[in-house]
Each structure stands twice: as C-alpha cells, then as structure tokens.
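Open the structure in your viewer and keep the selection tool ready.

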Amino acid sequence: MAARDIIGFCILIALVLVMPHAVGNDYYIGVLIFAAFNCLACIGLSLLMGYAGQISLGHGAFIAIGAYASGLLTTELGWSPWTAMAAGAFAAMGIAFIVGIPALRLKGHYLAMATLGFASIIHIVAVAATDITGGPAGVLNIPRLSLFGYRLDSDTRYYYFAWTAVVIGLYLAFNLIHSRVGRGLRAIHGSEDAAGAAGINTAAYKVQVFVVSAAYASVSGSLYAYYVNYIDPGPFDVMHSVLLVTMVAVGGLHHVWGAVVGAVLLSLLPEVLSFTAGYLQVIGIQYRPDYDILVYGGILLVIMLFLPEGLFAGMIAGGKSVWNLVKRVIRGKQVVRE
Amino acid sequence: MEIGLTTDMLQFLFMGIQRGAIYAMVAMGFNMIYNATGIINFAQGEFVVLGGLMMVSMTMALNLSLVFAFMVSVAFVTVVGILMERLTINPVRRPTVLRLIIITIAVSILLKGAAMCFWGKGSHYMRHFTDAPPLEIMGAYILPQTLWIIGMLALVVIGYVAFFNYTMTGKCMRACAINRDAARLAGINDRRMVMLSFALSAAIGAIAGIIITPIIQMDYARGALLGLKGFGAAVVGGLGNSMGAVVAGLLLGIIEAGSGGYISSHYMDAIALVIMLGVLFVRPGGLFGSSEMVRLKEF
C-alpha cells in the first residue's frame, strides 16, 4: 500500500472514532450508519467503474439480493445472521457471474442499459413474488447481528461495527488493486484491445471484478437488513442503482477514496440541506425537502461538466495548490528577511 | 369458447398496439440522438413525462383547445431538448462514454425533480381526446384514444420518412449519421445537426407522452420505465434503425399485453425487459439488422 493510502486509512479511522462524540445524537449516528452501507457498496462499484472502466446501473439489485437473503433466511428458515449474510453474498456472486458473462461483452451505453434492465427486473420480481418476498409488505422482524456473543443492539455499537466493515472492505479493495488483477484491470480501462494483446484475459477479469463488486453490494444489503430489521422493495428500485453510480462519479472515478468521499458526502447531503433550510427560511426562502433531488442532479451535472475527475481529485489538486501558495508565501518572507 | 378466445386475443392486441405505439415512438427518439451522436439519452423517458404533464396543465388547468395545447406542449419539450444539448452535451470536449452517460443521467434526475416540484407526486387525470364511446369489433372494445394513438404513430412515421428522405436538412442529418467527418467535409454543420436531433427527439417523446396520458394518467416518476422499455424496442429493432424500432415497439407492446393477460399481470412489466436483455445478450445488433452490418458496429 502506498504511503498516502496509509495516511488515508489513518484519517478515516480517526474520523470514524471521533464522529460519534462530535455528533452525539442517535439520529445523526443513524445517518452515518447509512453512509457506511453506501460506502461499502460504492467501494465495490468503484473497483468496477474506476478500475475496470465498466459501468453498472444494476448494483441496487445486488444490494436487494443481500438484504432479502439475510431477511428471508433468518426469519423463515432460522439461519444465523452470519451464515445468511454469507449465503446472500454467494447468491449475489453467482447471479453476477451468470449475468456478467453475457453482459460484460457489451460496452458503454449497451452495458449501462443492460444492467439497468437487470436491476429493474429484480425490483419487479421483489414486488411481484409476494409468496417469497412478501411483496410490497416486505419482510418483518429480521434479527439483529451479534458479534462474539455481544449483541449489536445500540446505534453506537452498530456504527462502529458498520464502519469497521467499511475499513476491512477498503483494505481488501486495496489488496486487489495492487495485485496482478488490479494492474490488469487498469490496463483494460486504458485500452481493452491493448490489454488483450498484452496477454490479459479481459473477459475473465471483467467478470471477476463484477462478481467481487456484487459481493460488496450484497454484504452492504445484509448489513442494512440487520440494522433496520425490516425490508421492502422500496429502497431497492432503479433509482438506488443510479444513486450509487452518482456517488462514485461525484467522488471521483479514478480512485477508491473517491468512492468513499462521494458516498459519505451524498449520504449526508439531505441532512445538510435540511440544516441549511432553516437558515434559508430566515432570509425568506421556503426550502422544501422535495427540492433535494434538484440539488442532487445539479451537483452531479456541475461536477461532470466542470470537474470530471470528481471531488476527491479536485480536493487533492486544491490542497496541492494551497500548499504551493503557502510555500511561496513562506519563501517570500525568507527573501524579505535576508 | 372459440369466440371468447379470439375476442380475448383481439382485446389484448388492441391493448398491445396502444402500449407498443408509445414504445415505438420513444425508441425513435433514442435512435435519432444515437444516430447523430452515438449517445443513448437516459433522459428520453423524461421528455415523455414532461410532454404529458404539460398537456395536462394546458388542457385541464388552462382549458386551452386540444390543438393549441398540443402545440404548446410539444414546443415546450422541444425547447427543453435544445437546452439540454446546448448546455450539457455541446460544451463537453472529447468526452468519455462514461461521462456522457452520467451527464444524461444527471439531466434526467433534474428533469424528474423539476416535474415533481411543479406537478407534485400524484398522477394526473386528463380527458380523452374525443368523448365517443368505445367501438366494438368482434366483441372486443377499442378506445377512441387508441385510434388517436395509432393515427399519431402513423403521422409521426410518415413525417419521419418524408423528413429524412425528401428534405435537405433530413438528408444532411443522415449524412452525419453515416460518417460525421465526411459530412463536415461536404459543408454540413454537424453541431447544428446534433442540436436538431435533440430537438426532434424531444418532440417525438413529447407527442408520445401527450397521447398516452389520457389512458395511463401521467405522474413524474414514469419516465424511467417508459424510457427503458422504449430502449428495449430500439434494441430489438436494431439501434439506429427507426423503422425496425416501430415494428419492434408494436411487437413488444403486443407480447407484453398478451403475457399480462395469459401469464401474470404482476410480471408483465418485466417481460419487455427480459426480451430486451435476451436480444442484447444474443444478438445485440437487433432482430432485423443484417449480420454483415452488425459486425461493423461496436457494442
């Protein structure tokens, strides 16, 4: 792992430890837990989009598979939550494998539409198969997770658990990136033909990373199910898949850290907006939560038009120029002293 | 029993044509932009929604005459299409496919959000174009609105063929679709053709939205599924081939209505998507394209 990634990990872990004390309120800790779920799914998606250069507008489906596997296996068959989560991940990987082989032969727009169609089918099935999924009524009474005999029943405990999962997921992602597979994926992103000519089995690599990213999404779905204890098809619609792509794109496609930054920022955005709405009201502007979607689309559009590398790359570039400025100011002073 | 079966089938056929005509028009909209730019416009479904909702406001709230309201609604969505191209597609230099996809997704989120803020979350009722009672044909009923839809589809197809075969602008657009560099060398302003393709595509989407609204009662969130199924029709017909899209759209609509009637109405929405995935995976060039042409394209 590169030095700056280790610094990144240290900053992330420090933030994770500090945040609960900074916000102090169970509601905001809940928001941060949801941010962790999105983060985990986005890390997987970033491996697919940022490194292999393949788009998927269908990852909401894998989240749904994880959530439903966890919900149904624990409530209907009485499996332990951990086994159910593993089973969900394997199911998601199997489905990703079957769908991925024909789908990843397609490129660009075709791949985007094919994955969107897949996500839409899964959502329709989740609503329509009432005898299995419970249909719109959903699955109730999903048990909580426990770890080493320690029940994760408070928000704070679940918060630390969810973010630990994110850190582990991030660590595994970095291992993949800095392996032969990771370098192969980057070559595919650069030019698929050139990568193939250099001896990389491009088709197999693309399917592999698709399967891995599906596993991330599935685990994120399972963690979601164990946290809210109730699932219905609502949150797993096509819009959620689009939202995940948005998070990865806003943060930055070219780095996993971008996915983390994008997922956290966009997960917190509704809270930030409702917070500023109070101030807007003071100066006479009525802000309604309905406008959130406009702000969301606007942010995505502006970033894609003016900062296509994403916020993370923008932050790095901004930080560098500030640092250069600081250096110049300091040096300037030295010249004056001399 | 025999009579009952044919009556049922006829009824599903009418329903299928009514749905299919909309998919066909959405697919034509996809094709127009695809031919000019190679982009799949993810906001295509939103054009349909905007057209329908605008028409609701014009006729139900402002009480304008049908013809005038129709023209205002189409013009409004056309302007939206032009603005989309000028503000978000035109300024991007040397774009990657991923970036273009996300840009059109962003526009679709914005349009959907705007529609939700203006028209609210409920679905909107609009009266049918004519008040006549349903016609009975061999025991099956056909709504006058369905006849309007069939008529509009026929008009759009005739207009499309006439425009691309008999007008200079249409021929220029075709030239751009075949080879943009060569068209530019021949003195065609290709950027203007791209703008025009967005305008026409938005207009066709708006027409589809306007004629279907009395039947489905439009709401802001319908764009995604309409767009996806329209794309399915475009794929089945061979992307870029608009006459193929019309046939494929009608076919998808009829299969969907039939499977809704005979198999399960719950899974009806998934049928068109499953067919779309099947064609994408097995024969991405569409059912009607020659395999020779398909080999030249990249998927």
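**Before you start**

This is a predicted model, in which local features need pLDDT of at least 70 and side-chain atom pairs count only at pLDDT 80 or more, while totals for chains, interfaces and linings use all residues. Residues are numbered from 1 along each chain as its sequence is written, and chains are lettered from A and ligands numbered from 1 in the order in which they are written.

**Stop 1: the domains of chain A**

Select residues 3–237 of chain A for domain 1, then 314–338 for domain 2. These bounds come from an automatic or database domain assignment. Taken over C-alpha atoms, the centres of domain 1 and domain 2 of chain A are 41 Å apart.

**Stop 2**

Two packed helices are described by the angle between their axes and the distance between the axes. Helices here are DSSP runs (H or I, at least four residues), numbered from the N terminus. Each axis is a line fitted to C-alpha atoms over the stretch in contact, and angles run from 0 to 180 degrees between N-to-C directions.

Highlight helix 7 (residues 155–177) and helix 10 (residues 202–228) of chain A: their axes come within 12 Å and cross at roughly 175°. Helix 7 of chain A is therefore roughly antiparallel to helix 10 of chain A (over 145 degrees counts as roughly antiparallel, and 65 to 115 as roughly perpendicular). Now show the residues that meet, including A:Tyr158 and A:Ala162 from helix 7 of chain A, and A:Val212 and A:Tyr216 from helix 10 of chain A. Residues are in contact if their C-beta atoms, placed from the backbone, lie within 7 Å. The contact of helix 7 with helix 10 of chain A has eight nonpolar residues, one polar and no charged. In this classing, Ala, Val, Leu, Ile, Met, Phe, Trp, Tyr, Cys and Pro are nonpolar, Asp, Glu, Lys and Arg are charged, and the others, Gly among them, are polar.

Next, select helix 3 (residues 59–75) and helix 11 (residues 238–251) of chain A, whose axes come within 7 Å and cross at roughly 115°. Helix 3 and helix 11 of chain A are therefore roughly perpendicular to each other. A:His59, A:Gly60 and A:Ala61 of helix 3 make this contact with A:Val238, A:His240, A:Ser241 and A:Leu244 of helix 11. The residues of this contact of helix 3 with helix 11 of chain A comprise three nonpolar, four polar and no charged.

**Stop 3: zoom in on A:Val238**

Is A:Val238 buried or exposed? A:Val238 counts as buried because 21 other C-beta atoms lie within 10 Å (20 or more means buried, 12 or fewer exposed, and in between partly exposed, with C-beta atoms placed from the backbone). Find A:Gly58 as well: 180 residues separate A:Val238 from A:Gly58 along the chain, yet their C-alpha atoms are 7.5 Å apart. Leaving aside neighbours within four places in sequence, the contacts of A:Val238 include A:Leu116, A:His123 and B:Ala224.

**Stop 4: where the chains touch**

Colour the two chains separately. The contact takes 36 residues from chain B and 36 residues from chain A. On the side of chain B, helix 4 (97–119), helix 9 (223–236) and helix 11 (268–282) each supply at least two residues. Helix 4 of chain B gives the most, with 16 residues. By class, the side of chain B that touches chain A has 29 nonpolar, three polar and four charged residues.

**Stop 5: the core**

A nonpolar core is a set of buried Ala, Val, Leu, Ile, Met, Phe, Trp, Tyr and Cys residues joined through C-beta atoms within 7 Å. The largest one has 209 residues, and B:Ala24, B:Met25 and B:Ile207 have the most contacts inside it. Helix 1 (residues 2–37) of chain B gives the most to this core, with 17 residues. Select B:Met25 and look for B:Leu153, B:Val156, B:Ile204, B:Ile207 and B:Ala208, which B:Met25 touches, not counting residues up to four places away in sequence.

**Stop 6: one last residue**

Finish at A:Asn229, in the loop between helix 10 and helix 11 of chain A. Phi of A:Asn229 is near 65°, a positive value in a residue other than glycine. A:Asn229 counts as partly exposed, because it has 14 C-beta neighbours inside 10 Å.

Conventions: Parallel < 35°, antiparallel > 145°, perpendicular 65-115°, else oblique. Contact = placed C-beta atoms within 7 Å.
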